[in-house]
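This briefing concerns nonpolar cores and aromatic ring pairs. Please consult the sequence and the structure shown below.

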Amino acid sequence: MTRDIRAEDDLPDSAAALDFYKKYDPKEIIGRGVSSVVRRCLNKHTGVAYAVKIIDITPERLNTQQLEEIQTSTVKEIDILKKVSGHPNVIALIDCYQSNTFIFLIFDLMKRGELFDYLTEKVTLSEKESRNIMRALLEVVDFLHKKNIVHRDLKPENILLDDEMNIKLSDFGFSCQLEPGEHLRELCGTPGYLAPELLQCSMDNFHIGYGMEVDIWACGVIMYTLLAGSPPFWHRKQMVMLRMIMEGQYSFTSAEWEDTSDCVKDLIARMLVVEPKLRCTAGQALAHPFFQQYFVEEVRHFSPYRKFKVIMLTVLASVRMYYHYRRVKPLTPDIVLRDPYAIRPLRKLIDATAFRIYGHWVKKGVQQNRAALFENTPRAVLAALTAQSEGLDDLF
């Protein structure tokens, strides 16, 4: 396997590359980036599996500016990873090597893959699952912000899951540590997760810039997406979508929000605030009632009055439940045929089936488009998905 990879990626051209291949045995590809490939690899001495990110810095394939940008961002990423090392929800950098043509970064292997893939499989997550994921994510963001580090590329693809469904934040390529009072102006990140002030400063030369608040906006987009299965901001025309982001135009009107508590919507609304100064911080978000756990004290000794009260309340509740379900209309074939998407179990079944058929979510309306989640997929993969969809359409 190692021999095949070397033929594909070129032979090692320095002592650093020889050291990498001497210690690690690269295996199959488990991910791709714009200028990098992620492979599973085995430590030859211990047999432990890791993930290696192989960054291409071949001079023949890149111009001087691209080469400089990749090397600079990689150095910054390594520096940031060292500063945040040890946090339980940050991916651990195990080792790194650099040759004349490749940079090898070895990380812990996250066998459950990306949160994005998990969401694709599950369609939408429950409030309980979303609470666990968002609490861990906001704790990481709070940890970073206390060190004046801004991530700038928070999205489900950069949140990895281990065997026990614990998250690990990864891809710190756009991260940087700010000086006190410093603001950034560089346009970077992923469309759909960009904060309004980041877009505004790219259009206005006199804009003050942006700070760590952009991460909180991205957290709001992620939380909305986990619960609804679709992004809050989307339009087929990109300029319209950008205007929606800058004006904070989103809604909780789709069918997925019918069974969601107002507490969840309130937290999302506090994160998706257009004015960064009014946006909640990570610490304030963690203090929101959505993350608070309530404990009911156990009553060990019942008085006769308390026992009678409990019995009466139980009887009243049972009667109300009985009359409520008597009034519920039975699920008939006519109802299913008329509006199957209004029935929650069928809605999830339809969404899951649509993904398995087309390879991506299909558009169901202007305000709800799961295909928008896949707009940042590498072009080669998108082309393959498009060809697959067209082939299936021809069959029908």
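Which residues do ring pairs link into a cluster? The cluster consists of F20, Y21, Y24, Y50, Y97, F102 and F104. The model is predicted, so that local features need pLDDT of at least 70 and side-chain atom pairs count only at pLDDT 80 or more, while totals for chains, interfaces and linings use all residues. Residues are numbered from 1 along each chain as its sequence is written, and side-chain values use heavy atoms, with hydrogens and water left out.

**Nonpolar cores**
- A nonpolar core is a set of buried (under 20% relative accessible area, 1.4 Å probe, protein chains only) Ala, Val, Leu, Ile, Met, Phe, Trp, Tyr and Cys residues joined through side-chain atoms within 4.5 Å.
- The largest such core has 76 residues, of which L137 and M223 touch the most other members.
- Helix 7 (residues 213-228) contributes the most to this core, namely twelve residues; helices are DSSP runs of H or I with at least four residues.
- Beyond its neighbours within four places in sequence, L137 has contacts (heavy atoms within 4.5 Å) with L154, I159, I167, L169, C219 and I222.

**Aromatic pairs**
- The whole structure holds 16 aromatic pairs, defined for Phe, Tyr and Trp (its six-membered ring) by centres within 6.5 Å, with planes under 30 degrees apart stacked, over 60 edge-to-face and the rest tilted.
- Y224 and Y250 form an edge-to-face pair, with centres 6.3 Å apart and planes at 90°.
- Y224 also forms a tilted pair with W257, at 4.8 Å centre to centre and 55° between the planes.
- Y224 lies in helix 7 and W257 in the loop between helix 8 and helix 9, so this pair ties together parts 33 residues apart in sequence.
- Y224 is buried at 4% relative accessible area, and W257 is buried at 1%.

Definitions and conventions:
Buried < 20%, exposed > 50% of the residue type's maximum accessible area, 1.4 Å probe, protein only. Helix = DSSP H or I, 4+ residues; strand = E, 2+ residues; numbered from the N terminus.
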